[in-house]
Every structure is written in C-alpha cells, then in structure tokens.
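Work through the exercises below with the sequence and the 3D view at hand, and try each task before reading its solution.

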Amino acid sequence: MIHSILDNDLYKFTMQMAVLEKFPDAVAEYRFTNRGAHRFNKDFVRELRRVIDEDISALALSEEEYHWLKASCPFFKPMYLEYLKNYRFDPGEVTVVLTDDSDLDIRIKGPWHSSILWEIVLMATISELYFDIIENSWKNGGDIDGMSEYPGNAVPEAYDLLIESFGRKLEGNNCLYSEFGSRRRRSFDLHDSVVRILHDMDNFMGTSNVFLAKKYDCRPIGTIGHEWIMGISALVGLRNANLFALESWLDIYSGDLGIALSDTFGSKAFFNNFNLKLAKIYDGVRHDSGDPLDFATRVIEHYESLGIDPMKKLIVFSDSLHTMDAIRIKEYCSGRINCSFGIGTSLTNNSYFFNPEKPLNMVIKLHKVNDIPVVKLSDDEGKETGDKDALRVANYIFGRKGLDD
C-alpha cells in the first residue's frame with residue numbers, strides 16, 4: 001500500500017530536514033483523531049499492525065531515488081539526503097489499539113526527526129485498508145450510487161473519466177492546481193491514476209506525493225505543515241510561534257519553499273506576526289480553514305496595508321476543495337491577487353462518485369513535544385486539536401475565548 005519511502009508528501013521531508021537542523025534532540029508524540037462515524041474491527045487492526053511491522057519498516061531510499069531528489073529538490077542539503085538514505089521507519093514508535101467502541105487509538109512517539117514521517121503513510125494505509133477490509137463493495141460495483149452502472153472491472157475506467165473531466169474544467173477556467181490527496185486516498189492505484197491523467201494537462205502544477213512526482217516527471221509540491229509551528233510553540237514560545245517558525249524557515253531554506261501557513265492558531269494571530277519583512281520575502285500564504293473569500297480579502301488588505309502589491313503575491317487554497325470551489329474562488333481573486341489550489345480527497349477518494357461510502361474524516365496531529373502539549377486552533381472551531389486544557393490556554397492567549405468559555 002505504501003510503494004516507496006517517497007510515497008509521502010513533500011512537506012514531511014522538508015519539515016524533517018528543518019527539525020534535524022533546529023531541534024535534533026526534540027521528542028514528539030502524535031495522536032490519531034477520527035472525526036467521523038467510521039468504525040473498525042480486529043481484522044483491520046491486525047492487518048494494520050502487520051503493514052507497520054513488515055511493509056513500512058522495510059522501506060528505504062534507493063540510489064535512483066537519492067539522485068532524483070538531489071537533482072529535483074535542490075533545497076535539500078547534502079547532509080539531509082545522507083540522513084534520508086539511512087533512514088528506516090521504526091515500528092516501535094507506533095501503538096495501535098482497538099477501543100471498546102470500535103474506534104482506533106493510535107499514538108506515535110519518538111525523536112521528532114524520526115517520527116515525523118509516519119503521519120501520511122499511516123493515514124494512507126488506514127484509508128486503503130478500510131476500503132479493502134470493511135467497506136469494499138466498490139471493488140465489484142456493489143451498491144455504490146456513483147458506480148451502479150459499472151461492473152467492478154470498469155470502476156477504474158469510470159473514475160479516470162471523472163478525473164479527466166475535473167482537469168478539463170479547471171483548465172477551462174484557468175485554475176492553477178496541484179494534487180494533494182495522499183492521506184485519504186481510496187487506494188494507491190486510484191491515486192496513481194489521478195496523477196497519470198492530470199500530469200500532462202495544462203494548469204496542473206504538480207503533486208504533493210514525492211513518489212508520484214518522480215514517476216510522472218512532474219513537480220513535487222509542498223512547503224510547511226501545522227506541526228512545524230505547533231512544535232515551535234512548545235520549544236520557543238506560544239504567543240509568537242508563527243514569527244519564530246517563519247523566521248526559522250528562512251534560516252533553513254533562504255527564501256525557497258516560500259508559502260506561509262496562516263491558520264495554526266487562527267489567522268488573526270498569523271497576521272499579527274506576518275510583518276513587512278516576512279510579507280516581502282515569502283511568496284504568499286496558504287489557506288486551510290475558514291471562509292476562503294473572507295480570507296482572500298484579509299490577505300489583500302494586509303498586503304496593501306504594508307505597501308505591497310497583492311498581484312505580486314499568491315494564495316494557495318487547500319481546504320477540502322472540490323472543482324467548483326476552486327472555480328468560484330478563482331473568479332473572486334481574479335485581478336486582485338494570484339491564487340492556486342491544492343485539491344486532495346475529492347481527486348483521490350471522491351465522495352460523490354463513491355456515495356454512500358464516504359472518505360474517512362481523520363487526522364494525525366502532533367500532540368506533544370518534549371512532553372509539552374501543543375494545539376492547533378485553525379479558523380474553524382471544529383478543527384481544533386490538542387489537550388483540552390492546552391486548548392483553553394491557547395484560546396485565551398490569542399484572545400479567542402475567555403478562560404471559562
């Protein structure tokens with residue numbers, strides 16, 4: 001189910017290098033959260049454990065992959081590429097328990113630079129196993145509304161047609177977009193077919209999945225994730241964690257990978273730290289929660305307040321997007337600010353096509369660094385993650401809620 005050590009999102013590798021350089025001794029703990037109604041069973045847990053212990057732990061960077069990374073990702077430093085060549089997933093970092101209510105209790109704990117790569121590969125494995133062991137009628141046509149007219153062996157062909165239609169719509173509306181669907185893909189094969197179909201279309205910028213970027217000779221896309229800012233909040237300070245994280249990123253990458261993530265503690269806290277220096281150096285910002293049109297307006301106003309022309313900057317929208325969402329946002333931003341789109345689950349596990357089998361609504365988030373709880377607040381209250389007392393303190397510090405609210 002995981003085909004290579006590079007079958008992972010680029011931002012996990014870029015953050016891994018950053019952690020090695022800045023915080024090599026930090027210890028991290030991650031936790032799985034199931035936000036949906038999907039439930040699991042003993043057969044699922046048994047197979048997940050086997051995949052972790054036998055398949056994922058055997059992954060290693062090949063010589064060919066090493067040389068491709070060196071040529072295609074020049075922002076990776078030689079010392080990091082040597083580290084990655086010797087890296088192996090440690091299955092001892094992962095515990096998996098089936099709870100009494102048939103949910104999963106998954107925890108990952110180990111050196112931050114080592115445990116950081118588990119998130120995407122575990123989520124992709126959980127998703128594919130779920131649709132292989134528990135809800136698997138889609139493989140033979142089953143009762144899935146979107147596939148009722150197709151026999152099982154025609155399902156991939158039907159899905160290919162859907163993806164091609166998405167690509168043509170985005171192309172016709174001049175939307176620049178990338179594929180971000182590793183973590184909740186229905187299967188590796190469907191994910192592979194998505195990139196295969198889209199990679200030579202106009203306006204397709206690349207994929208977050210490094211293995212598929214290599215396979216289809218397209219650009220690997222990614223910069224920074226919430227955990228970089230969350231971890232720094234524990235190690236350096238909460239109130240100005242965005243500032244410390246963005247400054248540290250500049251120290252490491254010297255202007256490369258210049259898209260700033262805006263919503264770790266809510267965008268208000270981000271804009272308070274996104275000063276003139278950072279706004280000029282960074283190419284743009286990424287939107288991952290809250291109303292996208294309101295956010296675009298706020299970004300434009302922020303750049304203008306600093307005397308920066310918004311048309312020289314970029315917003316990357318990546319919050320649960322469908323094709324029509326991207327088209328609507330593109331129309332709103334046109335002539336005001338540049339925009340592009342990271343489209344994930346609607347490409348690799350489309351909920352309308354596979355109705356009623358919905359993608360898993362799950363996350364794996366950083367929970368502690370050096371035993372200090374960390375949180376993610378976002379601009380959507382429902383996306384808050386972390387220890388409840390730590391959330392209470394963080395909401396108070398950033399002026400979002402009173403201590404007793």
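Predicted model: local features only at pLDDT ≥ 70, side-chain atom pairs only at ≥ 80, totals over all residues.

Residues are numbered from 1 along each chain as its sequence is written, and side-chain values use heavy atoms, with hydrogens and water left out.

**Exercise 1.** Find which strand is joined to strand E7 by four bridges, and how the two run.

Solution. Strands and helices here are DSSP runs (strands E of at least two residues, helices H or I of at least four), numbered from the N terminus, and two strands pair if DSSP finds at least two bridges between them. Strand E7 (residues 284-287) runs parallel to strand E8 (residues 314-317), to which four bridges join it; within this pairing, Val285 has Ile315 as its bridge partner. Next, E8 is also joined by four bridges to the parallel strand E9 (residues 338-343), where Ile315 has Cys339 as its bridge partner.

**Exercise 2.** Decide how many disulfides there are.

Solution. A disulfide is a pair of cysteine sulfur atoms within 2.5 Å, and by this rule the count is zero. Cys333 is in no disulfide, since its nearest cysteine sulfur, that of Cys339, lies 4.4 Å away. As for exposure, buried means under 20% relative accessible area, exposed over 50%, and partly exposed in between, with a 1.4 Å probe and protein chains only. Cys333 counts as buried because its relative accessibility is 1%, and Cys339 counts as buried because its relative accessibility is 7%.
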